[in-house]
Amino acid sequence: MKTNVINRNFGINRCSLVQNLFDAGCDTDAIQRYTQLQKEGKMREQLRLLAQQRRNLLHVIRENQKRLDCLDYLIHCIETDDPSTSQEKQS
């Protein structure tokens, strides 16, 4: 029974799995750790590793959203304070 758990890859071949982890932003260490956990049948630890990567990505998204908000604010200020931009919009 243990062999089935260790070899379970949920229909994903190793190459696709590694590519998916890479595409998800995992570094080489995280990919190696994940595949080692898979070999050992430690699904909870695999899920923890994936959840941590997800949190990391969300953090980056939030940081970039703040940057976008700053740019949007500057664009808004320029467009509302510069009379030439309001004329260009009306044309």
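How much accessible surface does the protein chain have, and what percentage of it belongs to carbon and sulfur atoms? The accessible surface comes to about 7,700 Å², of which 55% belongs to carbon and sulfur atoms; areas were computed by the Shrake-Rupley method with a 1.4 Å probe, and for residues only the protein chains shown count as cover.

## Basis of the model

This is a predicted model, in which local features need pLDDT of at least 70 and side-chain atom pairs count only at pLDDT 80 or more, whereas totals for chains, interfaces and linings use all residues. Residues are numbered from 1 along each chain as its sequence is written, and side-chain values use heavy atoms, with hydrogens and water left out.

## Overall architecture

The protein chain contains five helices and zero strands; helices (H or I, at least four residues) and strands (E, at least two) are DSSP runs, numbered from the N terminus. Of its 91 residues, 14% are buried, where buried means under 20% relative accessible area, exposed over 50%, and partly exposed in between (1.4 Å probe, protein chains only). Among contacts (heavy atoms within 4.5 Å) with a separation of 6 or more, 42% join residues 24 or more positions apart.

## Nonpolar core

The largest nonpolar core has eight residues: Leu 17, Leu 21, Cys 26, Ala 30, Ile 31, Tyr 34, Leu 37 and Leu 49. Such a core is a set of buried Ala, Val, Leu, Ile, Met, Phe, Trp, Tyr and Cys residues joined through side-chain atoms within 4.5 Å. Helices α2 (14-23) and α3 (28-39) each supply at least two residues of this core, and α3 gives the most, with four.

Leu 37 touches Lys 42, Glu 45, Gln 46 and Leu 49, residues up to four places away in sequence not being counted.

## Helix α4

Helix α4 (residues 43-81) has 39 residues and should span 57 Å at 1.5 Å a residue, in agreement with the 57 Å between its end C-alpha atoms; the expected span is 1.5 Å times one less than the number of residues. Gln 46, Leu 49 and Gln 53 of α4 are buried, and their cover includes α3.

Leu 71, also in α4, is partly exposed at a relative accessible area of 49%. Together with Leu 68, Tyr 73, Leu 74 and Ile 75, Leu 71 makes a nonpolar surface patch of about 520 Å².

## Salt bridge

The structure holds one salt bridge, defined as a side-chain nitrogen of Lys or Arg within 4 Å of a carboxyl oxygen of Asp or Glu. The side chains of Lys 42 and Glu 40 form this pair (3.2 Å, N to O). Lys 42 is partly exposed at 36% relative accessibility, and Glu 40 is partly exposed at 30%.

Notes: Patches are made of residues with over 30% relative accessible area and no salt bridge: like charges are joined within 9 Å, nonpolar side chains (Val, Leu, Ile, Met, Phe, Trp, Tyr) within 5 Å.
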